[in-house]
Amino acid sequence: MFKRILIATDGSEHSKRSLDKTIEMVSVYKEEVSIDLLYVVAGEMSKSDILRYGDSDTASLKRKKLMNDNEEYLKSEGITVESIVLHGDPAPTIIEHANDNNYDCVVVGSRGKNQLQTMVLGSVSHKAVKYVNAPVLVVK
Amino acid sequence: MHTYKQEWFGNIRGDILAGLVVALALIPEAIAFSIIAGVDPMVGLYASFSIAVVISFVGGRPGMISAATGAMALLMITLVADYGLEYLLATTILTGILQVIFGLCNLARFMKFIPRSVMVGFVNALAILIFTSQLEHFVDEAWIMYVLVGITLAIIYLLPLITKVIPSTLIAIIVVTAMAIYMNTGVRTVGDMGELSQTLPSFLLPNIPLNFETLMIIFPYALALTIVGLLESLLTASIVDDATDTESDKNKESRGQGIANIVTGFFGGMAGCAMIGQSVINVKSGGYGRLSTFVAGVFLMFLIIVLGDIVVQIPMAALAGVMIMVAISTFDWGSIRHMPKIPVTDTIVMVITVGTVLITHNLAYGVLTGVVLSAIFFAAKISKVDIYSATSSDEKTRVYFVYGQLFFASVTDFVTHFEFKEDLEEVVIDLTHSHLWDDSAVGALDKVKLKFEQNGTKVNYKGLNRESADLFDKIGGIGSGH
């Protein structure tokens with residue numbers, strides 16, 4: 001059974017699907033599950049967030065708020081949750097964190113990009129599947 | 001001292017690698033910014049070397065990259081055109097002195113008075129100016145210019161899909177330079193834009209008359225450079241704070257920028273500041289210590305001394321391509337995406353800030369206009385006062401409930417809400433949901449009271465909060481004696 005689960009989220013509406021699928025997956029034993037929610041702030045994200053929110057403290061607060069909604073959502077299902085915010089390139093940061101902490105399962109979302117977008121932008125989910133040691137659930 | 005050691009040597013491998021990457025990315029920019037300012041490429045290269053090295057010691061934000069920048073170069077164009085390089089060096093020194101004063105007076109905290117929409121306008125205007133400054137390189141050029149620029153941009157954007165180890169801008173420049181040399185295309189090169197000397201910068205005093213007239217020429221430029229330099233540096237510092245999840249000393253950074261510019265002016269470089277794009281590259285490449293900035297500066301100078309002969313052969317097409325990329329990545333595209341969500345006044349401020357810069361070619365004017373306009377919008381928004389009223393059952397007393405801020409901008413509107421001619425014994429003005437801010441507010445209350453009393457109606461105030469009551473006691477009643 002997957003008891004320690006990592007969900008990588010970008011706070012978007014789409015990443016909510018990752019939460020739903022995870023809840024579905026663990027529904028029969030959810031009181032035994034502990035989930036870590038991971039949000040990775042990329043370098044360019046810092047630029048646009050600072051321009052939007054003014055300073056680093058406010059930007060962090062906004063991100064916490066973003067995570068808080070997801071956290072509450074899982075808690076309302078009776079699941080133990082913790083939020084983690086890390087800074088760096090999304091794919092390597094998620095992979096490193098996942099491998100350092102020996103999760104039973106890692107959940108990532110795969111957005112509905114077309115082939116060209118995937119080719120140009122690369123895909124966090126592809127990299128996660130390849131380099132994370134634990135089983136990876138890609139939510140489409 | 002432990003933290004200082006940590007800031008230098010806490011991340012040796014990552015800092016050195018990132019520093020090398022940044023140095024490679026800095027060279028084309030330093031040359032291109034020199035050309036924008038109208039000076040020899042060496043002026044920008046010396047500046048980038050000197051600013052990066054000095055700031056690595058005295059800056060307040062480890063891991064941030066400072067060098068010759070587009071924002072500063074754009075402010076220098078007319079100075080260089082009208083008075084020449086020596087005046088630019090003197091202006092650079094004066095800019096540094098002003099920035100040190102700003103830092104010593106802890107003026108960094110006044111940055112919070114610059115609204116975010118103005119900052120976004122600043123960044124977007126900067127991007128547009130960098131872009132338009134490249135258009136002149138296309139004038140009277142053959143088709144080959146367009147082809148080379150296209151190839152440069154294609155390599156810059158497509159190469160990272162294959163590898164990110166070497167900066168794609170560098171590969172683009174190498175490839176396009178090689179093409180230009182072997183195909184003997186005869187396009188203009190960096191060498192055509194000015195001399196490139198393969199020597200270390202040396203200490204010199206700017207050769208200008210030291211008198212009041214000189215000061216009057218350089219001071220306005222220095223002031224604009226000071227403001228724009230600190231603005232971009234402190235904005236970048238916040239971005240690096242966020243990207244590395246650490247804090248920085250903004251006043252120390254202001255002083256550090258000043259010291260770096262003073263030193264740079266004496267060593268023949270143009271004024272510079274922190275660079276958003278390069279700092280993001282540095283952090284993404286794994287650099288976050290002082291060593292990364294230091295390595296970037298030293299390695300840049302090393303490359304110029306060793307490879308100067310090749311650098312002069314870089315075609316302008318390659319540089320123009322790099323600058324177009326810089327413009328695209330500088331622009332805050334998020335500001336367009338978020339436009340439907342943010343208040344329309346914020347968008348107006350942003351657009352007018354951009355417009356002012358594009359018309360005046362001066363980022364400082366744009367910021368000033370943006371700040372003033374924001375202040376006006378703010379005053380207009382907050383000066384809305386709503387008043388509801390109700391009469392008592394015997395219709396002898398009317399209560400006015402005031403909602404909103406009372407100050408100079410709102411009192412005119414405030415007074416018009418009262419019906420003075422009504423036949424009443426008493427009027428109660430309930431100020432529970434209001435606040436008195438200044439002399440005008442108290443004056444307006446006095447005026448209202450006076451008008452009611454002329455009509456034989458008593459006036460009572462209710463629900464003043466403590467601060468407002470204090471203000472009222474202090475200056476109130478002055479007018480009512482008449």
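1. On a 1 Å grid over the protein atoms alone, a cavity is a set of points where a 1.4 Å probe fits but cannot get out, whereas a pocket is an open set with protein on both sides within 12 Å along at least five of seven lines; lining residues have an atom within 4 Å of a point. Grid points are joined across faces, edges and corners, and a volume is the space filled by probe spheres set on the points.

2. The model is predicted: local features need pLDDT of at least 70 and side-chain atom pairs pLDDT 80 or more, while totals for chains, interfaces and linings use all residues. Residues are numbered from 1 along each chain as its sequence is written, chains are lettered from A and ligands numbered from 1 in the order written, and side-chain values use heavy atoms, without hydrogens and water.

3. There are 2 cavities of 30 Å³ or more. The largest cavity has a volume of about 50 Å³, and its lining includes Arg61(B), Glu253(B) and Arg290(B).

4. The second largest cavity, of about 40 Å³, is lined by Gly43(A), Ile239(B), Val240(B), Ala243(B), Ser279(B), Val280(B) and Val283(B). Its lining has 5 nonpolar, 2 polar and no charged residues (Ala, Val, Leu, Ile, Met, Phe, Trp, Tyr, Cys and Pro count as nonpolar, Asp, Glu, Lys and Arg as charged, and the others, Gly among them, as polar).

5. The second largest pocket has a volume of about 1400 Å³. Of its 50 lining residues, the closest to the centre are Tyr53(A), Gly54(A), Ile114(B), Pro115(B) and Arg116(B). The lining divides into 20 nonpolar, 15 polar and 15 charged residues.
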